[in-house]
Amino acid sequence: MNALVATSRNFKQAAKLLGLDSKLEKSLLIPFREIKVECTIPKDDGTLASFVGFRVQHDNARGPMKGGIRYHHEVDPDEVNALAQLMTWKTAVANIPYGGAKGGIGCSPGELSCSELERLTRVFTQKIHDLIGIHTDVPAPDMGTNPQTMAWILDEYSKFHGYSPAVVTGKPVVTTDSYWELMPLIEVSDLGGSLGREAATGRGVLFATEALLAEYGKSIKDQRFVIQGFGNVGSWAAQLISAAGGKVIAVSDVTGAIKNNKGLNIEKLLKHSVENRGIRGFSGGESIDPSSLLTEDCDVLIPAALGGVINRENANDIMAKFIIEAANHPTDPEADEILSKKGVVILPDIYANSGGVTVSYFEWVQNIQGFMWDEEKVNAELKTYMTRGFKDVKEMCRAHNCDLRMGAFTLGVNRVARATVLRGWEA
Ligand SMILES: NC(=O)C1=CN([C@@H]2O[C@H](COP(=O)(O)OP(=O)(O)OC[C@H]3O[C@@H](n4cnc5c(N)ncnc54)[C@H](OP(=O)(O)O)[C@@H]3O)[C@@H](O)[C@H]2O)C=CC1
Ligand SMILES: O=C(O)CCC(=O)C(=O)O
């Protein structure tokens, strides 16, 4: 199902549960602003390449719009729209003072050199710099982008507006130790990146999973996990779950899928993945068909890659008892219905992966104050936000007799609707 149709369907169901005025419902659904820009760059061989970039600013009733920038060949306007809308509800669920936005460029980052990616990022920033800003719209990393991308945006934006570290979050924190160490020795943040942001979405997934499992008298230690995607979110979720005693039995990325019923050694898998640009060929498990990963026998399934991967084609075959949506909109509404009938419990994206934007908020706050928190403080605050978010979502489930997705949607939509009404419409 089209991502925008799916997201809007969830929104409309929440609006109905809340008894929202139909005019207000319509105004909340229409994006504040949609930007589409042409980005042409000279490639390293001297030929030209043109790409289309998008930034959709969905809503700013609760504060500056906030959301990542995705570089992926499947980026299209409807998907960016859906992701921007999800950001609006997500920041409201997390109860941080932001609205929602999302951006993307239709490109294959793996096929571009580092200098081509830099040129593309700078051209995109030149085209949108007047429409983003510390108090208007604050981008961050998403699929295919990373802290280096944010540093280029910061630099390009600063040429027009003066040095402005708070204009993007997810900026680099350089570690003096190896990438795969869980506790690097020294971390250096030269451009205002927050300690803990790199791991934040995965860490938020860990906290969210702990909160959900506790409701069922279970803990990370007694569960078997399958994770789709081994990038920023998937690899950090795998590391932290494994460090907490969970057994990660299967993982996939674009290069393949790997399984070990005794539990994968995540530290070794990460090292292999960095050295070989993917998990394919890892000797600590057997290679399996990536298309069967989501239907592997496990307790907890964590999609941490693309949207729409759990759909009516495979929902019936899913064996997990819990699905933690680390990716954005991994589950189609049709699959939601099938899974709900099977008794599968789904922790929705707008709560489950909100750890990233929550620590982005901490980064923005630190930049504005010109003050840096230590990592223990970042992680402790993140835990407070994730724990409170879970309680709030459960409260809405009780009030509206609904599942966790509708609990999260009604929570987010209600907060945004209230802010909108409070601000009023007088011209
Ligand atoms: N980064 C963040 O802070 C946040 C991200 N999210 C969401 O989490 C998801 C992952 O984002 P992030 O980790 O940042 O992105 P990354 O680009 O860091 O990683 C994406 C991962 O997904 C893999 N992948 C891509 N396509 C497939 C596929 N068809 N099957 C299996 N694996 C695939 C990639 O493989 P390969 O590397 O081999 O290409 C990579 O391992 C996205 O949905 C994103 O919107 C949500 C909240 C915050
Ligand atoms: O950190 C952020 O600002 C946004 C992260 C993001 O894009 C997301 O939560 O989907």
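Colleague: Where does H329 lie?

Modeller: H329 sits in the loop between β13 (322-324) and α9 (333-342). Helices (H or I, at least four residues) and strands (E, at least two) are DSSP runs, numbered from the N terminus. The model is a predicted one, in which local features need pLDDT of at least 70, side-chain atom pairs count only at pLDDT 80 or more, and totals for chains, interfaces and linings use all residues. Residues are numbered from 1 along each chain as its sequence is written, while chains are lettered from A and ligands numbered from 1 in the order in which they are written.

Colleague: Why is H329 called buried?

Modeller: A residue is buried if 20 or more other C-beta atoms, placed from the backbone, lie within 10 Å of its own, exposed if 12 or fewer, and partly exposed in between. H329 has 27 C-beta neighbours inside 10 Å and therefore counts as buried.

Colleague: What makes N95 partly exposed?

Modeller: N95 has 17 C-beta neighbours inside 10 Å, so it counts as partly exposed. N95 belongs to the loop between α3 (77-94) and β4 (100-106).

Colleague: What is said of phi at N95 and at H329?

Modeller: Most residues other than glycine have a negative phi. N95, not a glycine, has a positive phi of about 60°. H329, not a glycine either, has a positive phi of about 40°.

Colleague: How do you know that α3 and α13 are roughly perpendicular?

Modeller: Axes are lines fitted to C-alpha atoms, for helices over the stretch in contact, and angles run from 0 to 180 degrees between N-to-C directions. The axes of α3 and α13 (residues 404-423) come within 8 Å and cross at roughly 90°. Angles under 35 degrees count as roughly parallel, over 145 as roughly antiparallel, 65 to 115 as roughly perpendicular and the rest as oblique. The two helices, α3 and α13, are therefore roughly perpendicular to each other.

Colleague: Which residues of α3 and α13 meet?

Modeller: Residues are in contact if their C-beta atoms, placed from the backbone, lie within 7 Å. From α3, T88, W89, K90, A92 and V93 meet A408, F409, L411, G412, V413, R415 and V416 of α13.

Colleague: How does that contact divide by class?

Modeller: The contact of α3 with α13 has eight nonpolar, two polar and two charged residues. Ala, Val, Leu, Ile, Met, Phe, Trp, Tyr, Cys and Pro count as nonpolar, Asp, Glu, Lys and Arg as charged, and the others, Gly among them, as polar.

Definitions and conventions
Two residues are in contact if their C-beta atoms, placed from the backbone, lie within 7 Å.
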